[in-house]
Each structure stands twice: as C-alpha cells, then as structure tokens.
Amino acid sequence: MRLGVLDVGSNTVHLLVVDAHPGARPLPAHSHKADLRLAQLLDPAGAIGPDGVDRLVAVVREAMEAAEDKGVEEVLPFATSAVREASNADAVLKRVKDETGVDLQVLSGEEEARLTFLAARRWFGWSAGKLLVLDIGGGSLEIAYGMDEEPDVATSLPLGAGRLTAAWFPADPPDPSDVKALRRHVRAQIARTVGEFTRFGAPDHIVATSKTFKQLARLTGAARSAEGLYVQRELKRKSLEDWVPQLAAMTTRERAELPGVSEGRAGQLLAGALVAEGAMDLFGVEALEICPWALREGVILRRLDHLPPS
C-alpha cells in the first residue's frame, strides 16, 4: 500500500510518502516539505499566534492535497514538541481538524524517542547490539538506549536547536557570553539524565538521527547526501569541538555558505552543535554513526507492524 506520514515538527511540516507492506523496507515515493518554524512562532504566553495557526492550517491542507495527488491510501498525521507544548494546543488541534479534516496525534517526548529508536534498530539490525540513539529536533533532544526494538530507557529534553536559538541568541552572531551560558545550560540538563542510561552498561553502537546531526557530520567531512543512503557517515567529537568556536563566530549568512548547511537551518546550527557536543561529551562518545531513518520511519514501521501479512 502507499502510506503517507505527516510530521508537524518544530521546524517543518513534512509529508513523506512511501510504498510499503509488512515485512518489507518502506520505499520513499514522494516528499513534500514546508518550513514553518512553529517553535519560533510562540508568543510570550507560549501560545501559537493567529498567524502561525493560519499558516499551519494552510500547510496541512497543501500536504493533504499532495497526498491525494500521489495516491496515498492512508495518512498518519502527528505533531511533536512545538504543538505539544503550546499553551493553546487544544484549540490549534481543533482548528486544524475542523478546517482540514486532519486529526493530528500529539506524540509525547518519550514516544518520539521510542519511535526513533525503533527506526534506528530496524536500520542497523540486531547485530548492532545495544544501541544508544540521539536525535536533535527543533524543539527537543531525544535519547534512547536498549537491546531490543523497545528501548530500556527513553527520554526527551527541551533542548531543540530552534527553541534554544530563539531563547538564547538574540544577536547574530551571538554574544560570546550567551554562547557560554547556553553551553552551561545544555550540559546541566543532559547531565541530569546520564545516570539513567549508564546503569544499563556501555552501548555497543552509538547512532544519531535528524537534520542537525546530518549537517554537522557533513560539515566535519562526511559524504554528501547525493552519494546515497548506504554510505557510512560518522561524526567525531574532536572534529565537532574544533568547529563549535568557528560556528559561534559566524553570522547566519556565513554558516549558510558552509558545505551541507541549508539556509533555513543555518541560524540554529550553533545551538544544535552545542547540544551535540554536550551529549557526546557527557555520554563519553568519541564518534557516532548517522542513521538515515528517524521518527517518520518509526511511525511508518509501527503502523506496518499492525497490518496483516499480504
């Protein structure tokens, strides 16, 4: 069947269309994206403003039209931290459903971590052993660890690259004192969770998902996306540590000119790098491997698991 997954994230609204059936690898057929940056559209009270809701409704409607055009039989719609944490989330969800017919399912942070872990486990297989999975989104950082398809421990922290950029970096380039303050904040938040994971023992394989990690890996020498999904891509902590002060000294426009860095993500790359560096340091990770699959694939795989065999 042809499935669609509609991901209303903190940065983008992304429709991924795949051809899939139980027991088979989902094959991407179409991708439709819109930059919305919901995490940066919250008002001082934490609500998504009228303009943001208008844009969200319009983008969801466009995505559903694209799904219909591509012959999608079923769409799996979900929202993550930006909608989950908005003070007017219920009103936003109701309006989206009333005007588009789409009933967005709001995932908890732990659900995000668990579904992303499932995608990484299926990608790397059982031979990867105990997996530690890191995922930096626009609104949150997810961490999960385990031996099976369900992680032994999974958590979500409010350390998304978009959220942190909006809250901590009013200047461009950021003030050095703000960079230092954010670095302290990030590390304090992550340090509180490390003990939950280390009691299960050292992981056999450490992987990361998300656009932030992919761009940081490309920046430090990993293969371009054009070289395909199956090329192994690594991010080494030492290389990342060398880049962080350089990113801190650059403007958003200068970062956008770096290899592998998109214009839309350039502004939040430094905050993402500080989170990645902090997580790798505090978890004792010297190098990690980039996983092409993440949350969207996890949602699709979970749905396929509940379909009867062909």
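Visitor: Which residues does glutamine 189 touch, not counting residues up to four places away in sequence?
Guide: The model is a predicted one. Glutamine 189 is found in helix α6, and at 15% relative accessibility it counts as buried. Leaving aside residues up to four places away in sequence, the residues that glutamine 189 touches are Leu157, Pro158 and Leu159.

Visitor: Which strands does α6 touch where it packs on the sheet, and what angle does its direction make with that of β8?
Guide: The sheet is open and mixed in its pairing, with six strands in the order β8-β7-β6-β9-β11-β10. The twist averages 25° from one strand to the next. Helix α6 packs on this sheet and touches β6 (131–136), β7 and β8, and its direction makes with that of β8 an angle of about 175°.

Visitor: Which residue of β8 stands opposite tyrosine 145?
Guide: Strand β7 (residues 141–146) is joined to β8 by five bridges, and the two run antiparallel. Within this pairing, the residue of β8 opposite tyrosine 145 is valine 153.

Visitor: Do β1 and β4 run parallel or antiparallel, and how many bridges join them?
Guide: Strand β1 covers residues 2–8 and strand β4 residues 74–79. Valine 8 stands opposite alanine 79 in β4. The two strands run parallel, and the number of bridges that join them is six.

Visitor: What is the bridge partner of phenylalanine 78 in β5?
Guide: Two bridges join β4 to strand β5 (residues 105–106), and these strands run parallel. The partner of phenylalanine 78 in β5 is glutamine 105.

Visitor: How many aromatic pairs are there, and why is the pair of tryptophan 123 and tryptophan 293 edge-to-face or stacked?
Guide: Rings pair if their centres lie within 6.5 Å, and by this rule the count is four aromatic pairs. The ring centres of tryptophan 123 and tryptophan 293 are 5.2 Å apart and their planes stand at 65°. Planes over 60 degrees apart count as edge-to-face, so the pair of tryptophan 123 and tryptophan 293 is edge-to-face.

Visitor: Where in the chain do tryptophan 123 and tryptophan 293 lie, and how many residues apart are they?
Guide: At 21% relative accessibility tryptophan 123 counts as partly exposed, whereas tryptophan 293 is buried at 10%. Tryptophan 123 lies in helix α4 (residues 109–124), and tryptophan 293 in the loop between β11 (287–290) and α11 (295–305). The pair thus links distant parts of the chain, 170 residues apart.

Visitor: Which parts of the chain does the pair of phenylalanine 197 and phenylalanine 283 tie together?
Guide: The ring centres of phenylalanine 197 and phenylalanine 283 are 5.6 Å apart with planes at 85°, so this pair is edge-to-face. Both residues, phenylalanine 197 and phenylalanine 283, are buried. The parts tied together are helix α6 (residues 176–198) and the loop between α10 (269–282) and β11.

Visitor: Which residues of α5 and α10 make the contact between these helices?
Guide: Helix α5 (residues 161–168) packs against α10 at an angle of about 115°, with the axes 8 Å apart, and the crossing is right-handed. The contact residues divide into four nonpolar, two polar and no charged. They are Ala161, Leu164 and Thr165 of α5, and Ala271, Gly272 and Val275 of α10.

Terms used: Residues are numbered from 1 along each chain as its sequence is written. This is a predicted model: local features need pLDDT of at least 70, side-chain atom pairs count only at pLDDT 80 or more; totals for chains, interfaces and linings use all residues. Side-chain values use heavy atoms; hydrogens and water are left out. Rings of Phe, Tyr and Trp (its six-membered ring) pair if their centres lie within 6.5 Å; planes under 30 degrees apart count as stacked, over 60 as edge-to-face and the rest as tilted. Helices (H or I, at least four residues) and strands (E, at least two) are DSSP runs, numbered from the N terminus. Buried means under 20% relative accessible area, exposed over 50%, partly exposed in between (1.4 Å probe, protein chains only). Axes are lines fitted to C-alpha atoms, for helices over the stretch in contact, and angles run from 0 to 180 degrees between N-to-C directions. A crossing is left-handed if the near helix is turned anticlockwise from the far one by less than a right angle, and right-handed if clockwise. Contact means heavy atoms within 4.5 Å. Ala, Val, Leu, Ile, Met, Phe, Trp, Tyr, Cys and Pro count as nonpolar, Asp, Glu, Lys and Arg as charged, and the others, Gly among them, as polar. Two strands pair if DSSP finds at least two bridges between them.
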